[in-house]
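Hi there,

Here is the structure I promised to pass on to you.

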Amino acid sequence: MIDTGLVQHDGQRHAGRAGANDQDFRCIGQHFSLHLSTIVDFLVGPIAFVNSRWHMNFMTENQPKKPSKSDRTRAQILEAARLLFAEHGYDGASIRDVAAHASIDPAMVIRYFRSKDELFARAAVIDLQLPSLRVIDRTTIGETLIRRFLEIWEGPASGPGMAILLRSATSNEFAAEKLRDVFGNQVRPVVAAFAYPADAGRRAGLVSSQLLGLAMCRYLLRLPPVVALSHDEIIQNVGPTLQRYAVGEDVS
């Protein structure tokens with residue numbers, strides 16, 4: 001026979017243990033919730049700080065930066081230099097003249113550009129932006145070159161850079177070298193795309209002589225008959241000559 005007393009006692013003992021276990025789990029859960037809450041409270045501050053810093057840095061990096069005082073001063077000097085060099089040439093415009101036009105002390109001009117030569121070189125940066133002749137019809141090379149030339153000198157985006165170099169090159173070796181670099185590094189590679197690569201230097205020189213001669217007569221000497229020429233007349237008369245020079249035909 002089964003002792004019912006023992007069964008009852010053992011059942012009570014197991015029931016007591018189950019109750020104790022449930023109470024232990026409730027205590028553990030309460031402690032875990034308390035610690036988790038404490039951890040979350042502890043992390044809220046740092047997380048918010050990190051988020052705010054990230055947002056601040058993101059907004060700062062993506063906002064357009066305002067020019068610094070140094071950048072504004074440099075731009076002011078360059079603008080004055082471009083105007084004076086274009087009007088008076090390299091020799092006719094001094095550091096003092098540039099400083100006076102920019103309303104700044106001459107020492108500041110030297111501080112930013114070190115010398116008149118460097119100032120001139122920065123003011124006279126020229127990019128002819130010649131099109132790639134590899135994608136142009138061979139029969140229209142001369143016309144393409146003269147049209148681009150007229151855009152540079154007389155188009156809406158034209159600037160004084162070419163006038164600075166051309167006016168100064170007649171009396172200043174630094175300016176002359178600068179102008180040689182422009183045509184040697186920009187005209188020659190384009191011309192070399194056609195016909196005899198070994199003869200590219202000679203052909204580029206002939207192209208440059210035609211363009212520079214036209215610029216001298218039309219924009220600096222202002223010879224009345226040349227100034228009076230329309231764009232169409234210049235294209236019709238100069239284009240065929242540039243065509244011969246560029247492709248290397250009949251240039252000997």
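Below are my notes on the fold, the helix packing and the aromatic rings.

A word on the basis: this is a predicted model, in which local features need pLDDT of at least 70 and side-chain atom pairs count only at pLDDT 80 or more, while totals for chains, interfaces and linings use all residues. Residues are numbered from 1 along each chain as its sequence is written, and side-chain values use heavy atoms, with hydrogens and water left out.

The fold first. The protein chain has eleven helices and zero strands (DSSP runs numbered from the N terminus: helices are H or I with at least four residues, strands are E with at least two). Of its 252 residues, 33% count as buried (under 20% relative accessible area, with exposed over 50% and partly exposed in between, using a 1.4 Å probe and protein chains only). Among contacts (heavy atoms within 4.5 Å) between residues at least 6 apart in sequence, 65% join residues at least 24 apart.

Now the helix packing. The axes of α7 (161-169) and α8 (173-191) come within 8 Å and cross at roughly 130°; axes are lines fitted to C-alpha atoms, for helices over the stretch in contact, and angles run from 0 to 180 degrees between N-to-C directions. α7 and α8 are therefore oblique to each other (under 35 degrees is roughly parallel, over 145 roughly antiparallel, 65 to 115 roughly perpendicular, and the rest oblique). Their crossing is left-handed, meaning that the near helix is turned anticlockwise from the far one by less than a right angle; clockwise would be right-handed. Met 162 and Leu 165 are among the α7 residues in this contact, and Leu 179 and Phe 183 are among those of α8.

α8 also packs on α9: their axes come within 9 Å and cross at roughly 120°, which makes α8 oblique to α9. This crossing is right-handed. On the α8 side the contact includes Leu 179, Phe 183 and Val 187, and on the α9 side Ala 204, Val 207 and Leu 212.

On to the rings. The structure holds eight aromatic pairs (rings of Phe, Tyr and Trp, the last by its six-membered ring, with centres within 6.5 Å; planes under 30 degrees apart are stacked, over 60 edge-to-face and the rest tilted). Phe 85 and Phe 120 have ring centres 5.1 Å apart and planes at 80°, so the pair is edge-to-face. Phe 85 lies in α2 (residues 69-92) and Phe 120 in α5 (residues 116-123), so the pair ties together parts that are 35 residues apart in sequence. Both residues are buried, and together with Tyr 90 and Phe 174 they form one aromatic cluster.

Trp 153 and Tyr 219 have centres 4.5 Å apart and planes at 5°, so this pair is stacked. Trp 153 and Tyr 219 are buried.

Arg 74 is 5.3 Å from the ring centre of Phe 113, and Arg 111 is 5.7 Å from that of Tyr 112.

Finally, Gln 243 lies in α11 (residues 231-247). With 17% relative accessibility, Gln 243 counts as buried.

Best wishes

Note on methods. Lys NZ or Arg CZ within 6 Å of the ring centre and 35° of its normal.
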